[in-house]
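Student: I would like to go through this model term by term. Please set each value against its definition.

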Amino acid sequence: MTWKLPLFKTYWDEEDLKNVTKVIKRGSYWATGPEIKEFEKKIAEYVGAKYAITFNSGTSALHALLLAYDLKQGDEVIVPSFTFIATANAPLFVGAKPVFAEIEDRTYGLDPEDVKKRITPKTKAIIPIHYGGCPCLIRELKEIAEDRNLLLIEDAAESLGAKINDKKVGTFGDSAMFSFCQNKVISTGEGGAITTDSKEIYEKLKLIRSHGRLETQDYFSSTEYMDYVTLGYNFRMPTMNAALGLSQLKKIDKVIKMRRDKAEYMTKKLSKIKEITLPTAPPDYFHVYQMYTIRIDGIRQIRDRLIQYLGGKGISTKVYFEPVHLSYFYKNKFGFKRGDLPVTERISDQVLTFHTHPLLKNEEIDYISEEIDKFFSEAI
């Protein structure tokens, strides 16, 4: 369907075209070019971590990270159900078990108090998400992880640039994953990265992402035999993607400001509608608004009617997220049912995500807010 107002648009400029074209015209090093290491260096510097390593997606990055930490059969990993399904699937990739915990209703991240209740002798890690560009209660979760000697792995797929005071997400846990998919804060089309301060984990990740091959030189330009020392995958980020990432990263502060300005204007326009709750963050939190998510007071059916109404006006919206534990796969495999996570289910029944992409015009925000107001004043 062609939307009058799509859910997102990817911000790009001529520098993006120039960087990618340069790699293509070079006619070599499309898979292992110098832009990859340069992008990794810039990511590490931006986040404030010692190391960064890129992957072909955030999902493969998270998969590789759990392998690097040697999570395995019998281990338990505490995750939210209110997330993109890759967060919950990653433990299954390595034979571990995802254990769902409730979220809290300020940042929509894992609820530290409920996390404590889910910890067992089999628990090895906690993977919270920073939802939609807002840090979760990561300081409280870090304290729990340190007290119980658990790994803390940040799923920061949606929140590059978000921070608490001056400390960016991706530097609170043992390691963190970021995504560069097309709707993220910056994009390489598809892509992901891990940041960490651990040299051991960084070296393991390099092996895992490239077939377990111990690379002393560039594989594609060297005649030297390079041994395979562990089981690995082809999780590499192509050079063109990294080149695009470099030019995107140069303008991230500009893009974040544009997102925050759009969110501020949308909040101003929607604040008069009493039937909805607007996104807020704790005072020392810096929200980058990868998504702008409201909550519709009342039952799910009202929210769903609003989705249909706005769709009829050409306005695209989306529920981020339906609970993972109620997906067909998780219900069928693990026997989950509605009522298992009542807080998560209630919040998921109420949330609705709108446009805050950098190219959104104020007149378009006016149109969105006017139609929402009409719905509540006339349609119900």
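This is a predicted model: local features need pLDDT of at least 70, side-chain atom pairs count only at pLDDT 80 or more; totals for chains, interfaces and linings use all residues.

Student: Why is serine 159 called buried?

Tutor: Buried means under 20% relative accessible area, exposed over 50%, partly exposed in between (1.4 Å probe, protein chains only). Serine 159 has 0% relative accessibility, so it counts as buried. Its place is in the loop between strand S5 (151–155) and strand S6 (163–164). Strands (E, at least two residues) and helices (H or I, at least four) are DSSP runs, numbered from the N terminus.

Student: Which backbone atoms does the side chain of serine 159 reach?

Tutor: The backbone oxygen of histidine 130, at 2.7 Å, and the backbone nitrogen of glycine 133, at 3.1 Å. A polar contact is a pair of N or O atoms within 3.5 Å; within protein, one must be able to donate a hydrogen and the other to accept it, and residues adjacent in sequence count only if both atoms are side-chain atoms.

Student: What is serine 159 in contact with, leaving aside neighbours within four places in sequence?

Tutor: Contact means heavy atoms within 4.5 Å. On that basis the partners of serine 159 include Tyr131, Cys134, Val169, Phe178 and Val288.

Student: How do you know that the length of helix H8 agrees with its residue count?

Tutor: The expected span is 1.5 Å times one less than the number of residues. Helix H8 (residues 239–250) has 12 residues, so it should span 16 Å; its end C-alpha atoms are 17 Å apart, which agrees.

Student: What makes H8 largely enclosed?

Tutor: Of its 12 residues, 10 are buried, so the rest of the structure largely encloses H8. Among the buried ones are Thr239, Leu244, Gly245 and Leu249. The cover over them includes helix H1 (14–26), H2 and helix H9 (252–270).

Student: What makes a space a pocket, and what a cavity?

Tutor: On a 1 Å grid over the protein atoms alone, a cavity is a set of points where a 1.4 Å probe fits but cannot get out. A pocket is an open set with protein on both sides within 12 Å along at least five of seven lines. Lining residues have an atom within 4 Å of a point. Grid points are joined across faces, edges and corners, and a volume is the space filled by probe spheres set on the points.

Student: How big is the largest pocket, and what lines it?

Tutor: Its volume is about 610 Å³. It has 24 lining residues, and the closest to its centre are Lys37, Lys206, Arg209, Glu215 and Gln217. Helix H7 (199–209) is one of the suppliers, and H7 gives the most, with 6 residues.

Student: Which classes make up that lining?

Tutor: The largest pocket has 8 nonpolar, 6 polar and 10 charged lining residues. Ala, Val, Leu, Ile, Met, Phe, Trp, Tyr, Cys and Pro count as nonpolar, Asp, Glu, Lys and Arg as charged, and the others, Gly among them, as polar.

Student: How many cavities of 30 Å³ or more are there?

Tutor: The search of the whole structure finds 2. The largest cavity has a volume of about 110 Å³, and its lining divides into 5 nonpolar, 6 polar and 1 charged. The second largest cavity has about 70 Å³.

Definitions and conventions
Residues are numbered from 1 along each chain as its sequence is written. Side-chain values use heavy atoms; hydrogens and water are left out.
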